[in-house]
Amino acid sequence: MCGILGIVATTAVNQLLYDGLQVLQHRGQDAAGIATAEGGRFLMHKGSGLVRDVFRTRNMRNLQGNWGIGHVRYPTAGSAYNPAEAQPFYVNSPFGLMLAHNGNLTNSEELKREMFLADLRHINTNSDSEVLLNVLAHELQAAANGCKLDENAIFKAVTAVHRRCRGAYAAVVMIAGYGLLAFRDPYGIRPMVIGRNDAPGGTEWIVSSESVAVDALGFKLLRDVEPGEAVVIDMEGNFRSRACAEQTLHAPCMFEYVYLARPDSLIDGVSVYEARLKMGEYLANKFRRTMPHVEVDVVIPIPDSSRPAALEMANQLGVPYREGFVKNRYIGRTFIMPGQAVRRKSVRQKLNTIHQEFKGKRVLLVDDSIVRGTTSQEIVNMARDAGATKVYFASAAPPVRYANVYGIDMPTRSELIGSDRDEAEICAAIGADGLLYQDLDDLRASVRAINPSIQYFETSCFDGKYVTGDVTADYLFGIENRRGTSPVTVEDTDSGPAANQLDLNLASDNSD
């Protein structure tokens, strides 16, 4: 997953983009980048690391101009440690384009071959975002009337992108000499919202992965970008939008509501916080129905995203809600985890127990989901070490059994604890006295209770059904092989500031 941001303002936009990326930091911590435009030139700085580490005062001074885009990256394609794959990406033909992308193309290898053989374009990285940028560039060139570009040509190009690209994508694009383009895939899998601000100098616009950036920057949330829709905002602040996909099906990613998005965000008309409260309500109903003889003294969340579900579950069961784990927010990232001992150590570095909340109690732990199960096992052990007499475990999501191909970095299926075990076997593997999973129908109902108009969801990691209809067994096999290979480590890359950050001032001549 990644976070993307695009702003057309009436004053300098660099600080707005920086602040917006800060509140989208939860969507990606491996790399960050900002691009702005002034006087026919693109100005960009990007690098590996957190937003606060990538940008210094000197970098911000160079990012001049009143419009631009930003990106925070958590890679699902390409390398996490290659700073060349930080975004935005740039291509100089036609017109000059900058792109930032959230999602994952499922036909990127096929598109690479097409572009090399037919479009005569060269892809220089392993990132599918560069593929998306070059497809768009080729279609803009085909749609434009010579050197002239207008909104009809842009919308025509996006329509062609939808025909050629498969998978999940939400993208923001800077078009030199014209303005900002934003578009969302025909299934609306990855989120994108629009905001507006009536400033003294004129109307300002923002597009963002989540509404939290709209709120934080003082804009007013207007609506979501619809599946298959494209939005064009020129440098004077004129706003145009058009449905560009021939067929659409609104199927937002369920994991956004379970885990990925911030609780204070609104996505597709759904309050993430309210949806998570509903998850807790449905989970409590299932607990009463399936575990009627189990008594618990306290409900404790695994910080942070499970808190609303745990809170509502405690309310519904009439059991005290307590904070039993303290999260260390300042721990350095563990880049290499060669064995389970290292993984267990990292869990205990990130979480510590408040012993008095566990000692002598029957504890119900609530987490947003169970993926590998290693963390869950260690958390159960921590609860027992703190004195819990019984430890029950509840997941606000169903078992994760299948690979995700739409922009979430899931482990290989062989690493998923739920891929080849039933619930009793998973319970035994994590060492709990009882295990409760959310039913998939109840999970859908939790979100649909907030916005009944959403009829479909992307739930492939739970049920193996891929909404785009093009995910084959061979494709999944290739994904498993790539993710199963040993990751590049920090030690394998060049060290030092020059290797970790890129600072490019890219010239763009938009004179005709």
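Let's start with a pair of strands: β16 and β19 run parallel to each other, joined over 4 bridges. In this pair, Val299 sits opposite Leu364 of β19. Keep in mind that the model you are looking at is predicted.

These two strands belong to an open sheet of 4 strands, ordered β16-β19-β20-β21, with parallel pairing. What stands at the edges of the sheet? That would be β16 (298–301) and β21 (434–437); each has a single partner strand, so one side of each has no neighbour in the sheet. Going from one strand to the next, the twist averages 20°. As background, strands of a sheet pair through backbone hydrogen bonds, and the pairing can be parallel or antiparallel.

Helices come into the picture too. α10 lies across β16, β19, β20 and β21, and runs at about 140° to β19. Helix α12 (residues 374–385) also packs on the sheet, where it touches β19 and β20, and its direction makes about 150° with that of β20.

| Strand pair | Sense | Bridges | Residues opposite each other |
|---|---|---|---|
| β16 and β19 | parallel | 4 bridges | Val299 and Leu364 |
| β12 and β13 | antiparallel | 5 bridges | Val231 and Ser241 |

The second pair is made of β12 (residues 229–234) and β13 (residues 239–243). They form a hairpin with 4 residues between the strands, and Gly237 in this hairpin takes a positive phi near 90°.

Now for the inside of the protein. The largest nonpolar core has 52 residues, and the ones touching the most other members are Phe255, Tyr257, Met313, Leu364 and Phe462. Elements giving two or more residues to this core include α8 (254–260), α10 (307–317), β19 (362–367) and β20 (390–395). The largest share, 6 residues, comes from α9.

What does Tyr257 touch, once residues up to four places away in sequence are set aside? Its partners are Pro252, Ile267, Asp268, Val270, Val272, Arg276, Met279, Val447, Ile454 and Phe457. Apart from this core lies another one, of 35 residues, with Phe89, Leu132, Val161 and Ile175 among them.

Next, a look at Cys2. UniProt, in an unreviewed entry, lists Cys2 under "active site". Cys2 is part of strand β1 (residues 2–8). Is Cys2 buried or exposed? It counts as buried, because its relative accessible area is 7%, and buried means under 20%. Beyond its neighbours within four places in sequence, Cys2 is in contact with Arg27, His71, Val72, Arg73, Tyr74, His101, Asn102 and Ser209.

Another cysteine, Cys427, is buried as well, with a relative accessible area of 11%. How many disulfides are there? The count comes to 0 disulfides.

Finally, let's step back to the whole protein. Its secondary structure comes to 17 helices and 22 strands. Of its 512 residues, 57% count as buried. Among contacts with a separation of 6 or more, residues 24 or more positions apart account for 71%.

Notes: Residues numbered from 1 in each chain as written. Predicted model: local features only at pLDDT ≥ 70, side-chain atom pairs only at ≥ 80, totals over all residues. Heavy atoms only, no water. UniProt positions renumbered as here; feature names shortened; annotations may be inferred. Buried < 20%, exposed > 50% of the residue type's maximum accessible area, 1.4 Å probe, protein only. Contact = heavy atoms within 4.5 Å. Core = buried A, V, L, I, M, F, W, Y, C linked by side-chain atoms within 4.5 Å. Pairing = 2+ DSSP bridges. Axes fitted to C-alpha atoms, helices over the stretch in contact; angles between N-to-C directions. Disulfide = S-S within 2.5 Å.
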